[in-house]
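Trainee: I would like to go through this model and ask what stands behind each term.
Mentor: Go ahead.

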Amino acid sequence: MTVKDYDKIIKDRLSSKRYEHSKNVAKEAVRLAKKYGADVQKAEIAGILHDITKEAEQKEQFDVIEKAGIELTELERSTPKLWHAISGSAYIKVILGIDDEDIINAIRFHTTGRCGMSLLEKVIFIADFTSAERDYDGVEKMRKAADKSLEEAMIEGMSFTICDLADRKLPIAPDTFKGYNEVVFAKSKKNK
Ligand code: DGI
Ligand code: FE
Ligand code: FE
């Protein structure tokens with residue numbers, strides 16, 4: 001399948017607003033991949049597909065997660081915001097037949113981040129924050145960080161997520177704070 005095929009699938013599965021978001025994330029992922037040396041083709045594919053199950057019913061999401069052999073933790077099961085990243089990675093593997101582990105992981109961890117993210121995983125994680133239509137408070141800071149370095153952008157993105165969740169008294173996935181600790185430690189070690 002080509003990007004054109006994926007584009008059509010996304011258009012059929014998502015509202016026009018989220019379809020536009022997916023297109024913008026793909027564009028931004030391509031830009032960041034070129035800037036930081038990630039695989040440009042994979043960035044475009046992972047970008048367009050990253051929210052593929054965002055509007056799917058719970059049952060469809062849980063079914064495809066099971067088909068992919070993924071077992072949810074209790075926190076994941078009870079946090080609906082986390083489902084689409086996991087079910088999205090399962091969907092592209094099981095239904096679309098994509099076998100590239102890096103693309104699968106880029107979608108799986110695009111919401112939480114994690115420890116030991118690949119270049120492609122970071123590009124998708126960041127592109128989701130800096131895509132053209134994003135206009136939350138702090139997006140300019142995030143865009144500046146993304147232009148400076150991947151490391152700065154990861155710190156900005158991970159800390160934004162954690163602050164926002166703690167502010168709203170929501171559970172924080174272990175992958176999120178492990179990823180946060182990793183990027184913050186890496187920077188503090190460099191500055192010593
Ligand atoms: O799918 P998008 O809206 O484009 O963006 P996303 O996949 O980053 O989802 C963002 C939402 O997910 C936002 O409301 C915060 C939430 N989220 C991200 N990490 C965590 C989380 N929610 C909880 N409870 N725990 C997390 O670790
Ligand atoms: Fe998402
Ligand atoms: Fe998204």
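Trainee: Which residue bridges the iron ion (ligand 3) and the iron ion (ligand 2)?
Mentor: Asp51 does, and the two ions lie 3.5 Å apart. Bear in mind that this is a predicted model, in which local features need pLDDT of at least 70, side-chain atom pairs count only at pLDDT 80 or more, and totals for chains, interfaces and linings use all residues. Residues are numbered from 1 along each chain as its sequence is written, chains are lettered from A and ligands numbered from 1 in the order in which they are written, and side-chain values use heavy atoms, with hydrogens and water left out.

Trainee: Which parts of the chain do Asp51 and His110 tie together?
Mentor: Asp51 lies in the loop between H3 and H4, and His110 in the loop between helix H7 (101-108) and helix H8 (119-130), so the pair ties together parts that are 59 residues apart in sequence. Helices (H or I, at least four residues) are DSSP runs, numbered from the N terminus.

Trainee: Which residues coordinate the iron ion (ligand 3)?
Mentor: His21 (NE2), His50 (NE2), Asp51 (OD) and Asp128 (OD) do, at 2.2 to 2.4 Å. In sequence these donor residues are spaced H-x28-H-D-x76-D.

Trainee: Why is Asp51 called buried?
Mentor: Buried means under 20% relative accessible area, exposed over 50%, partly exposed in between (1.4 Å probe, protein chains only). Asp51 has a relative accessible area of 3%, so it is buried. His110, at 2% relative accessibility, also counts as buried.

Trainee: How do you know that Thr111 makes a polar contact with ligand 1?
Mentor: A polar contact is a pair of N or O atoms within 3.5 Å; within protein, one must be able to donate a hydrogen and the other to accept it, and residues adjacent in sequence count only if both atoms are side-chain atoms. An N or O atom in the side chain of Thr111 is 2.6 Å from an oxygen atom of ligand 1, so the pair qualifies. For Thr176, a polar side-chain atom lies 2.9 Å from an oxygen atom of ligand 1. For Asp51, the corresponding distance is 3.1 Å.

Key:
Donors = N, O, S within 2.8 Å, 3.2 Å for Na, K, Ca; no water. Helix = DSSP H or I, 4+ residues; strand = E, 2+ residues; numbered from the N terminus.
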